[in-house]
Amino acid sequence: FVPQQEAWVVERMGKFHRILEPGLNFLIPLLDRIRYVQSLKEIVINVPEQSAVTLDNVTLQIDGVLYLRVMDPYKASYGVEDPEYAVTQLAQTTMRSELGKLSLDRVFRERESLNANIVDAINQASDCWGIRCLRYEIKDIHVPPRVKESMQMQVEAERRKRATVLESEGTRESAINVAEGQKQAQILASEAEKAEQINKAAGEANAMLVRAKAKAEAIQLLAAALAQQHGSAAASLSVAEQYVSAFSKLAKDSNTVLLPTNTGDVTHMVAQALGIYTTLTKTQAVKTRDELPPAHGDPQPPSTEMLKAEQVTSS
């Protein structure tokens, strides 16, 4: 009776006869003999730790696990003396060969590709042995202490570099944000100043219009008041007061003052101011009379000699 997942190799009279299938089988005593028993299950083999040199001359201690299965019991029985030992040695030599093609950094980064290359190399050699390698896994990689310290220093340096880069990027983004904020603040400040100037100009323009209107109305009221009875006398009094007030402020704005010889004679100054006003009034009356068309029967206008005499008298 052959158990499941096993293959018994039978020899008859010293030669291969057949392979017994699982279940009931009949043999001829003294002629047939069970020579090999092969397990068809997946076999796990520990690959012993070994030394290997990488491409950059770093010695590593590495071990692994090999997963096999017998595909052809006849080849596994007669193709090689010890299939497991042969596959183990092949795995070790292939591992050393593959590690010699890689640098230390790539060994840690490319473990999967390294395992796949070892499986392909084992299957190419073990095909004639009736054995197929399903997969190979690296268990441990031991690095020399000095190399480990160097790698640790490299990792720390890389982390410090990343921290410095991140910090510089943060500083750059912060500076950009501050610059953007200052730019927006200046734009808003300029727009506010522009609006303020526009409003101020509009206010000044309105104020000028209001002052002009007020001055025009004042002039109209003053003209109307002068046209009334005793308006000339009131205007003479106002001119005299302003004349005296102007003399009282002469020395406030400058240290150099030019005064007439009779400054202390207030009566003379008032008379002089009234004379100026009278002259201006007469001149305006003459212009108005000249502009009006002469009426029929009106007296003749005064001659030029009379006007000159009046101007000399006024002066």
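1. Lining of the largest pocket. Four nonpolar, two polar and six charged residues make up the lining of the largest pocket (nonpolar here is Ala, Val, Leu, Ile, Met, Phe, Trp, Tyr, Cys and Pro; charged is Asp, Glu, Lys and Arg; the others, Gly among them, are polar). Among them are D105, F108, R109, K148, Q152 and E158. Note that this is a predicted model: local features need pLDDT of at least 70, side-chain atom pairs count only at pLDDT 80 or more, and totals for chains, interfaces and linings use all residues. Residues are numbered from 1 along each chain as its sequence is written, and side-chain values use heavy atoms, with hydrogens and water left out.

2. Helices (H or I, at least four residues) and strands (E, at least two) are DSSP runs, numbered from the N terminus. The pocket holds about 300 Å³ of space. For the grid: spacing is 1 Å over the protein atoms alone, a pocket is an open set of points where a 1.4 Å probe fits, with protein on both sides within 12 Å along at least five of seven lines, and lining residues have an atom within 4 Å of a point. Volume is the space filled by probe spheres set on the points, which are joined across faces, edges and corners.

3. The core. The largest nonpolar core has 29 residues, with L66, M95, I122 and Y136 having the most contacts inside it. A core is a set of buried Ala, Val, Leu, Ile, Met, Phe, Trp, Tyr and Cys residues joined through side-chain atoms within 4.5 Å. Of this core, α2 supplies the largest share, six residues. Leaving out residues up to four places away in sequence, M95 touches Q50, I62, L114, I118, Y136 and I138 (contact is heavy atoms within 4.5 Å).

4. A charged residue to look at. Beyond its neighbours within four places in sequence, E98 is in contact with L114, N117 and I118.

5. Positive phi. L30, in the loop between β2 (15–20) and β3 (32–39), has phi near 70° without being a glycine; L30 is exposed at 91%. N57, in the loop between β4 and β5, has a positive phi of about 60°, and N57 is exposed at 67%.

Notes:
Buried means under 20% relative accessible area, exposed over 50%, partly exposed in between (1.4 Å probe, protein chains only).
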